Amino acid sequence: MFPERFSNLPAYAFPRLRSLLDAHAPGGEALHMTIGEPKHDFPRWIVDIIAEHADGFGNYPVNEGMPSLLEAMSGWVGRRYGVDLAADTRIMALNGTREGLYNAMMALCPETKAGKRPVVLVPNPFYQVYMVAALSVGAEPVFLNATRETGYLPDFTSLSEDVLNRVTVAYLCSPSNPQGAVASREYWADLIALAEKHDFRIFADECYAEIYRDGPPVGLLQVAHEMGADPERIVAFHSLSKRSNLPGLRSGFVAAGPESIKAMKQLRNYAGSPLPMPLQHAATAVWQDEAHVVENRRLYGEKYRVADEILGNLPGYHSPEAGFFLWLPVPDGEEATIKLWKETGVRVLPGAYLSQEAGGVNPGKGYIRVAMVAEEQEMARGLNRLRDCLYG
C-alpha cells in the first residue's frame, strides 16, 4: 500500500536523537544545543503590525505573496546583492524555505535526462529535505562528501562525465549547515559554469547568509548576474528564520528565472501553503528593516569569540566562517553525544544523523553538531562542560 521510494528513509535526526538519549538521565542541568532554533529577540514591533491587520485572518492569503511583500523581498536582494529582480516575475514568497526547497524539485526536475534516471547532487552532510525531495521525483540522490580536505564544501568537479550528464539539480548550502563554510565567488562561478556545460539547475540554500563574522558571503544571484548566466539555472532560497530570529513566522522566498517562477507558481496554486495575510504584512516590514539584523549579527559575533576562547586550542577545532553551528571532531559522534548527556546534561547532535554513507564513509560519523543559539552565558557554560567532558 505504501511507496517503496520512502521505505528506506533514515529516522529524522531529532526523533533519532530522542531514541538515543531519552533512556538516560542527564548528568547535570540540561542544556540543549541541538536544534538550530534562534533564541535572540525578534523585532517586537511585528506584533503591532499583525494586530493591525488581524482582520486578514478572515481571508484566503495571496498565494505567491502580496505585491508589497514581493517588492520588499526584491528590494532586499537589490541592497544585499546588487541585483535588480522584477518582483512579479522573478520572486515567489514561501511558507519558509523548507517548502520551497522541496516543492521546487516537484516543479523543476524533469522525469528523465538523456533517457536516463535523473541525478540530484547533495552535499554530505546535508539538510534532510534535499534527499527526500530527490526521492520524491524519482531522481537518484548522489552524495558529495564535504570534508576538511574539500574545505567543507562539496567538490562537484570530482564527478565523472557520465554522472554530470544526468544531473538535473545540484543543491548547495552556503554558508553551510553544519560546518559554517562559505562558497567563494570563484566557487560559485565554477559551479555555474559546470551547470551551463552539463545543463542543470543550482538550488542555493542561503538561509544563513546574514549570520557571518567578517564580510557578507557572496551569493549565487550575485555571481550569476556578474557572469551573465542563464537565470533559469539559478534558484536561490532565503528566509527570515535565521536572519531575523523568526522561524515561526515562516517567511521565505525563492528567486529564479521567470519561467522557473512561473512553473513553481503553477504548482503552488495546487499544493502551496501560503502565509496568512497578517503575517505577510509583518514579513514585509521585517524584510525592509536592517537594524535588527545588524544587532543579531553582533550577538553571534560575540558567540564566535566565546567559542574560539573556550575551544580554540583543541586539536581539529574549526572556527566557522558563518552560521551558528560548531562542527566538532570526536572519535565517534553517537558515543560522544551519550557521554556528554549522561555526564554533564549537555545535549548535542551526532554528525552522522545529518549525513549518509558515500564512497564507503559517513563524513559525519566523527563529529558532533553544536548549535550556538542559546544566550551567551548559557552557551559558554555548555561549551565549558563539553570541553572538559570530551577533551579534558
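Tutor: V306 has its place in helix α13 (residues 291-311). Helices are DSSP runs of H or I with at least four residues, strands are runs of E with at least two, and both are numbered from the N terminus. This is a predicted model, where local features need pLDDT of at least 70, side-chain atom pairs count only at pLDDT 80 or more, and totals for chains, interfaces and linings use all residues. Residues are numbered from 1 along each chain as its sequence is written, and side-chain values use heavy atoms, with hydrogens and water left out.

Student: Is V306 buried or exposed?

Tutor: Buried means under 20% relative accessible area, exposed over 50%, and partly exposed in between, with a 1.4 Å probe and protein chains only. V306 has a relative accessible area of 7%. V306 is therefore buried.

Student: Which residues does V306 touch, not counting residues up to four places away in sequence?

Tutor: Contact means heavy atoms within 4.5 Å. With residues up to four places away in sequence left out, V306 touches E376, M379 and A380.

Student: What separates the C-alpha atoms of V306 and V235?

Tutor: The two residues are 71 residues apart along the chain. Their C-alpha atoms are separated by 35 Å.

Student: Why is strand β5 (residues 167-173) called largely enclosed by the rest of the structure?

Tutor: Look at burial along β5. The strand counts as largely enclosed because its buried residues number seven of the seven.

Student: Which strand pairs with β5 over five bridges?

Tutor: Two strands pair if DSSP finds at least two bridges between them. Strand β3 (residues 119-124) runs parallel to β5 with three bridges, and V120 there stands opposite V169. The parallel pairing over five bridges is with strand β6 (residues 201-205).

Student: Which way do the residues of β8 point, and are they buried or exposed?

Tutor: S251, F253 and A255 point one way from β8, while G252 and V254 point the other way. Five of the five residues of β8 (residues 251-255) are buried, so the strand is largely enclosed by the rest of the structure. On both sides, then, the answer is buried.

Student: In β8, what is the bridge partner of F237?

Tutor: Strand β2 (residues 91-95) pairs with β8 in the antiparallel sense over five bridges, and I91 has A255 as its partner. Strand β7 (residues 234-239) is also antiparallel to β8, over four bridges. The β8 partner of F237 is V254.

Student: Over how many bridges do β9 and β12 pair?

Tutor: L326 stands opposite V370 in β12. Strand β12 (residues 367-371) is antiparallel to β9. The number of bridges is five.

Student: What share of the 392 residues in the chain is buried?

Tutor: The chain has 15 helices and 12 strands. Its C-alpha trace spans about 55 × 55 × 50 Å along the principal axes. The buried share of the 392 residues is 56%.
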